[in-house]
Structures are given as structure tokens and as C-alpha cells.
Amino acid sequence: MAIVLSSCNVKGKALDFEVYETSESGNKLTRITEFKTLDSVVKITLNPEKTLQTITGFGGSFTESSAYLLNKLSKKNRDTILQAYFGEEGARYSLTRTHISSCDFSLSNYTYAPVEGDMELENFSIEEDRDDLIPMIKDAMAISKDGFKIIASPWTAPPWMKDNNAYVGGELLPQYYDTFALFFSKYLDAYKAEGIDIWGLTPVNEPHGNGNNWESMHFSPEAETDFVQNHLGPKLEANGMGAVNILGYDQNRAGLKEWVDAMFATEESSKYFAGTAIHWYESTYDYFPEALQYAHNKAPEKYLIETEGCIDSQVPVWQDDAWYWKKEATDWGYDWREPEKKYLHPKYAPVNRYARDIIGCLNNWVDGWIDWNMVLDRQGGPNWFENWCVAPVIVDPEKDEVYFTPLYYTMAHFSKYIRPEAKVISHDNSDETLMVTAVKNPDESIVLVLFNEGDTPKSFNINLNEQSIAVSINEKAIQTIVIPSQQ
């Protein structure tokens with residue numbers, strides 16, 4: 001076995017580097033300094049001169065469910081979780097999301113504008129958020145040294161603005177387009193008054209709907225584009241909020257083509273769209289590279305951000321790290337998808353889903369990736385619809401216990417080391433079974449993230465500017481390699 005102590009001598013010059021690994025064998029973002037030498041060696045060549053997209057950030061979502069659970073924990077455990085996500089020694093989340101009015105991960109249905117016919121929204125109020133959601137965000141802001149961006153999404157307009165007068169399903173009536181645009185402006189003002197600046201908005205979460213299960217509102221690509229082009233965009237601009245980034249769509253990648261075709265059809269239609277938001281639920285195995293490439297090519301200067309992904313339709317497994325590495329988890333499609341689409345929803349290990357998806361996205365022009373709930377309980381809630389899901393941190397509020405699952409460390413492999421404004425760089429990889437992505441950070445450090453899904457370890461050489469690093473990765477492991485600036 002070769003011993004490497006964070007540097008490798010090549011042609012008389014030492015190339016410093018650090019390696020951190022999370023693995024089925026028990027590593028949890030563990031610093032690795034000892035590497036196996038194997039007969040077969042993968043060759044990875046970095047091309048830092050060829051830069052691709054600029055990174056916006058990585059992180060998770062502030063939900064009422066997560067905030068409610070944090071309030072039920074001891075101050076020590078609440079602080080431990082927030083430090084783990086936002087502190088300098090933690091995952092350093094830089095891009096987050098929250099919901100506007102209620103969502104499935106709320107304790108009940110509510111809207112900030114409950115009074116029917118209140119066209120000027122004189123009764124608008126975010127009072128519902130003051131006990132939990134706002135304190136969670138503000139506490140995270142106080143911890144985060146570099147700060148973080150927030151994208152806010154409504155799951156529905158107030159029911160009285162919709163054709164079915166309900167929280168679930170239905171469409172926004174055209175006579176309320178201007179009022180719903182005012183709703184966003186009121187929200188931005190109200191949160192700003194709390195000291196919280198919102199970086200981005202989506203017009204609605206999942207405009208295709210969600211099977212009419214929980215809060216939802218349908219938009220066609222054309223209707224949402226009309227709403228943004230002629231109502232929401234002009235309203236925010238007129239109110240001095242034109243810098244807020246409007247991201248269209250906000251649903252599964254398989255539907256990207258028809259949406260970006262409508263959003264970016266003309267200069268006028270695309271004017272107020274800062275980019276596109278996507279989810280992974282069409283498949284938690286296939287990351288749809290062709291659709292991502294198409295969306296980028298349609299609007300190469302605009303954002304392409306994954307705003308939601310999680311292990312859904314699954315009760316979390318408590319304090320069993322091994323489960324998160326096994327192909328036992330299912331998703332909604334495993335049980336309910338039509339037979340011809342079942343292949344998109346195999347049983348698939350939770351860690352594998354996250355690592356594979358984030359690396360695949362970064363290699364196909366995605367510039368930001370946001371996990372769903374930061375904290376859930378042992379049931380996968382609370383959730384008013386009983387739509388149980390998994391979060392990176394699971395808690396037992398009755399016993400005041402906290403479990404950091406392997407998903408937390410998987411997210412940190414990206415968020416902690418790949419910083420906003422980093423540039424994804426080109427690379428060549430001789431082994432298709434070893435997933436690799438690479439970036440150059442603003443401080444000129446080079447960061448690689450690798451995922452070895454296989455059952456055997458792999459040795460590899462990283463070639464950078466005629467220098468080389470010899471490293472190995474364990475079986476079933478994700479690894480981050482940091483090469484400090486050579487200048």
C-alpha cells in the first residue's frame with residue numbers, strides 16, 4: 001500500500017492536495033491520506049483553461065415542517081443542526097429554497113391572502129411564518145459567514161383566485177393575474193421587512209400538478225410565460241424589485257423542452273426569466289442529459305437550477321447508515337408509475353441517487369442544486385397529506401435525538417468545497433463507471449468530486465498542468481479532492 005501525505009512529487013515539484021471521503025465502509029467526510037495501489041489505473045485529465053457554467057450554489061430548503069421540528073428540540077441540538085448546515089465547519093450551504101404560503105411540508109393549509117375579493121391584498125400577512133419559518137431562516141443567516149441565496153416558490157395562488165376555489169389543483173383565473181403578481185411583491189416586501197432578502201422566485205411549484213394530492217396549481221408553458229412576461233415581471237420592475245430572479249417551470253426535467261421553447265421563444269417572452277428551475281422526480285436514476293443540454297442551448301446565459309429533489313414516498317430509516325447505501329429505497333414511480341415508465345424508477349440506493357444526480361447535473365450545465373427538507377422526523381414528516389419523505393437530518397423530537405444520515409455528508413461533498421462563482425471545468429475521464437466532475441473556485445483552488453458506485457476500489461491519476469496526483473477511492477464511496485491554488 002502506498003502512503004501519500006497530502007502531496008505528490010512530480011518532476012521535482014510538490015502538488016498539494018486534500019482528499020475527503022464518505023463511504024459505505026464508514027467514512028463520513030473523512031480526511032484520507034493513505035491510498036491503495038491497484039493494477040488498473042484510471043486517468044483523469046483536467047482542463048482548467050476550458051471553463052463552462054458558473055456555480056450559483058448548493059443547499060436545502062426551509063420548510064415549516066423542518067422549522068417546527070427544530071423548535072421542538074433542545075437549543076443545543078437545534079444549534080448543532082443549523083451549524084452543520086450553515087457554519088464554517090459544516091456544509092456551508094449557499095443556495096436555499098422556501099415555500100410561499102403552505103405546501104405539503106406544512107402543518108396545515110394556509111395562504112397569506114385569505115380574504116376573498118381583496119384585490120389590493122390589504123389583508124396580506126405572513127403572520128403564519130413568524131413562529132417557525134422566519135426564525136429558522138434568520139438563525140441560519142446569523143450563522144452563515146458568506147450568506148446564502150433564497151429561492152421562494154408558491155405551491156398555489158390563494159384559492160379564491162383559482163377556477164376551482166381550492167388549495168389543490170385548478171388554474172389561476174386570468175382576471176387575477178395582476179393580483180397574483182401583487183401577491184409576490186407583497187411577499188418580497190414583507191420578508192425584506194424581517195431582514196430577509198429573497199434572491200429568486202418561481203411562479204408556482206410543479207405547474208403540471210402532482211396528481212391533485214396537495215397544494216398545487218396548473219400552468220401551461222404558454223400561460224406561465226404570459227403571466228411572467230405581462231404581469232409578474234413588469235410588476236416587480238415597477239416596484240423596484242427587478243433584480244429578483246424569476247425562474248420558470250419548476251418541475252421534472254423530462255418536460256424541459258416544451259417549457260424552454262415557450263419561455264425563450266422571443267426576446268420579449270424571455271426578458272423577465274432569469275432562468276429555469278427543475279426537479280428530479282421524473283426519474284431519480286436518469287438525470288436526462290439531453291434535456292439539460294437542450295435547455296442550456298436554448299438560453300445559454302441564463303440559470304439552470306435544480307430546485308428540489310429528495311427520497312420521496314419513503315419513511316426514513318433511523319440510525320442505519322448501511323440502508324442509505326443499499327438498493328432498497330423506492331420512490332413514487334416504483335409503485336404508481338404507468339408500466340412503460342417503470343424503468344425510470346428502480347430500487348436505488350439513496351446516496352447513489354444524490355451523488356449520481358448532482359454530478360450528472362454539473363456535467364450538463366446545471367449551476368445550482370437544492371435538496372428538499374433539511375430536517376424531518378422518524379416518520380418522514382410532519383406532512384399534512386402524509387406524503388412521507390427522507391431528509392439528510394432525521395430527528396426524534398420526543399427523545400431530543402438527532403441522526404445525520406449519509407445524505408448529509410453526500411450534500412456536503414459539494415456544498416462545503418464548491419463555492420458560488422466557481423467555474424465548472426472540462427475534464428477527460430478514462431473510466432465511464434467512475435463519475436467525475438471538476439470546478440475551479442474563486443480562490444483558484446481546483447475541486448473534484450468523484451463517485452464510485454461499484455463494489456471494488458479504484459486507483460486513478462489526476463493530471464493537471466503536466467503534474468500528476470495518484471489517488472484511490474474505496475468501493476461505494478464519494479470523494480472530494482481539493483487542490484489549492486498553485487499560484
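This is a predicted model: local features need pLDDT of at least 70, side-chain atom pairs count only at pLDDT 80 or more; totals for chains, interfaces and linings use all residues.
According to an unreviewed UniProt entry, residues 55-418 are listed as "domain: Glycosyl hydrolase family 30 TIM-barrel".

**The open sheet and its helix**

- Three strands form an open sheet in the order β17-β19-β20, and their pairing is mixed.
- The edges of this sheet are β17, at residues 375-377, and β20, at residues 401-404, each of which pairs on one side only, while the twist from one strand to the next averages 30°.
- β17 and β19, the latter covering residues 393-396, pair in the parallel sense over three bridges, and L376 stands opposite I394 in β19.
- Helix α2, made of residues 75-86, lies across β17, β19 and β20, and runs at about 15° to β20.

**The largest pocket**

- The largest pocket has a volume of about 610 Å³, and among the 31 residues that line it, N210, N213, W214, D312 and W332 are the closest to its centre.
- Both β12 (245-252) and α9 (332-336) supply at least two residues of this lining, with β12 providing the largest share, three residues.
- Sorted by class, the lining of the largest pocket contains 12 nonpolar, 11 polar and eight charged residues.

**The second largest pocket**

- The second largest pocket holds about 340 Å³ of space; 20 residues line it, and those nearest its centre are T54, P300, E301, K302 and D367.
- At least two lining residues come from each of β7 (41-54), β13 (273-279), α8 (289-298) and β14 (303-308), and β7 gives the most, with three residues.
- The lining of the second largest pocket divides into nine nonpolar, six polar and five charged residues.

- A search of the whole structure finds one cavity of 30 Å³ or more, and the volume of the largest cavity is about 40 Å³.
- The residues lining the largest cavity are F86, E88, R92, Y93, S144, K145, D146, G147 and R419, which by class are two nonpolar, two polar and five charged.
- F86 in this lining is also one of the residues of helix α2, which spans 75-86.

Methods: Residues are numbered from 1 along each chain as its sequence is written. Side-chain values use heavy atoms; hydrogens and water are left out. On a 1 Å grid over the protein atoms alone, a cavity is a set of points where a 1.4 Å probe fits but cannot get out, and a pocket is an open set with protein on both sides within 12 Å along at least five of seven lines; lining residues have an atom within 4 Å of a point. Grid points are joined across faces, edges and corners, and a volume is the space filled by probe spheres set on the points. Ala, Val, Leu, Ile, Met, Phe, Trp, Tyr, Cys and Pro count as nonpolar, Asp, Glu, Lys and Arg as charged, and the others, Gly among them, as polar. Two strands pair if DSSP finds at least two bridges between them. Helices (H or I, at least four residues) and strands (E, at least two) are DSSP runs, numbered from the N terminus. Axes are lines fitted to C-alpha atoms, for helices over the stretch in contact, and angles run from 0 to 180 degrees between N-to-C directions. Contact means heavy atoms within 4.5 Å. UniProt positions are given in the numbering used here, feature names are shortened, and annotations may be inferred rather than shown by experiment.
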